[in-house]
Amino acid sequence: MESEGPECREVPMVRKESLAQLLDAGRRKIQVTDEELAEAKRRRQLLAVSMRRAFPGSTTYFNGSVAHGDANTPLTDVDLGAVLTKKDAEPYGPGKKSALPLMEIARDAIHKDLDGEFPNLTIEVAGRRRAVLVRFGDPVTAEQSDFTADVMTALPHPSGRGLYIPNTKIAAQWDRADPITHTQMVLQAIEDTEIVFARTVRLLKHWNGTHSKPMCSWNIKALCLDCLDEPMPLINALQTFFAYAADEIDKGPTPDPAKVAGPIPLNMPRSEVHKRLCTARKYINLAIEHEKAGRPLSAQYALHQVLPELVPDVNATEEEAHRLVTTVRSGGTSLTGLGLATKLPASTPTRAWGG
């Protein structure tokens, strides 16, 4: 069933804000709070200490949105891992022992260290492919059901580049990855873009989550690493991403930014992802076009199609009608603008169409 046109909807009247103002307000709505972040990092540190106790001489690393500086609220999880010493890693790896015994050691150590503070703590090992899943039974964000952590036991790779990480779905299988380098690359991108990278990723993760079947979020971030490398307004960062991502996904799978693992999975058909990216690209381009032409409501309406929960809806019918009339008077081609209003209000004189 088709949705009603904008002229049929009741939408609130809003101030004529610029795209920069709308995006800044939107990203503030979803940015993780200081309180959430502090508690998540505290729990992450507790787990790191527990892992180093369980595996003496190991080093721990942090990855995921909290480590990358692009977490949104509500905050629901953290990610970390422990890299065993070469000596302790010797019995494990491809063709040797699986990660299951290591995961069980991690589980027991975490229970011993954290059960006293978190009486509802549960830890899952069975059926977990890569990491122990820790359920705290206590959220860090009000009104959330829980807060979790993925805790990985990793082995140093013989080449010195990257790690072997568990893959318990296949007997004695370990996959190569480099989460440490990934985090370094993201943090460098945030510095190079003067935090625009993190803010753009937050908006893109929210956009991704508005779909019933989101694409892999790490794929989004990996594409950002290839195209966002300098400061720019958020609207231009979105434009750059959608243009680049649509072209790259059309070509094929996204490669690992650290160049040690295989292509990044999409979790859905590539053709669907490409179509989704192209639609967003068209609306972002349209929003920029309208703003440059002095049509703020039309620009906001176009941006709302990409970020409907962050950018308020508006009725741009009058503004669009004026645009269409002006276009026809000047002898140009009247474009509908991807779903923007195309019907003239009843009060518009018929002669305006230049019969």
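Start by selecting helix 10, residues 270–292. Helix 10 has 23 residues and spans 33 Å from its first C-alpha to its last, close to the 33 Å expected at 1.5 Å a residue; the expected span is 1.5 Å times one less than the number of residues. Helices here are DSSP runs of H or I with at least four residues, numbered from the N terminus. The model is predicted: local features need pLDDT of at least 70 and side-chain atom pairs count only at pLDDT 80 or more, while totals for chains, interfaces and linings use all residues. Residues are numbered from 1 along each chain as its sequence is written, and side-chain values use heavy atoms, with hydrogens and water left out.

Stay on helix 10 and show its side chains. The buried residues (under 20% relative accessible area, 1.4 Å probe, protein chains only) include Val-273, Arg-276, Leu-277, Tyr-283 and His-290. After helix 10 comes Gly-294, with a positive phi near 80°.

Next, select Pro-263, in the loop between helix 9 and helix 10. Pro-263 is exposed, at 56% relative accessible area, where exposed means over 50%. Leaving aside residues up to four places away in sequence, Pro-263 touches Pro-253, Thr-254 and Pro-255; contact means heavy atoms within 4.5 Å. Pro-253 is 10 residues from Pro-263 along the chain, and their C-alpha atoms are separated by 5.8 Å.

Now select helix 7 (residues 196–209) together with helix 9 (residues 234–251). Their axes come within 10 Å and cross at roughly 65°. Axes are lines fitted to C-alpha atoms, for helices over the stretch in contact, and angles run from 0 to 180 degrees between N-to-C directions. On the helix 7 side, the contact is made by Val-196, Arg-199, Thr-200, Leu-203, Leu-204 and Trp-207. Leu-234, Ala-237, Leu-238, Phe-241 and Phe-242 meet them from helix 9.

Finish with helix 6 (residues 179–192) and helix 8 (residues 217–227). These two pack at an angle of about 55°, with their axes 10 Å apart. To see the contact, show His-182, Met-185, Val-186 and Ala-189 in helix 6, which meet Trp-218, Lys-221 and Leu-225 in helix 8.
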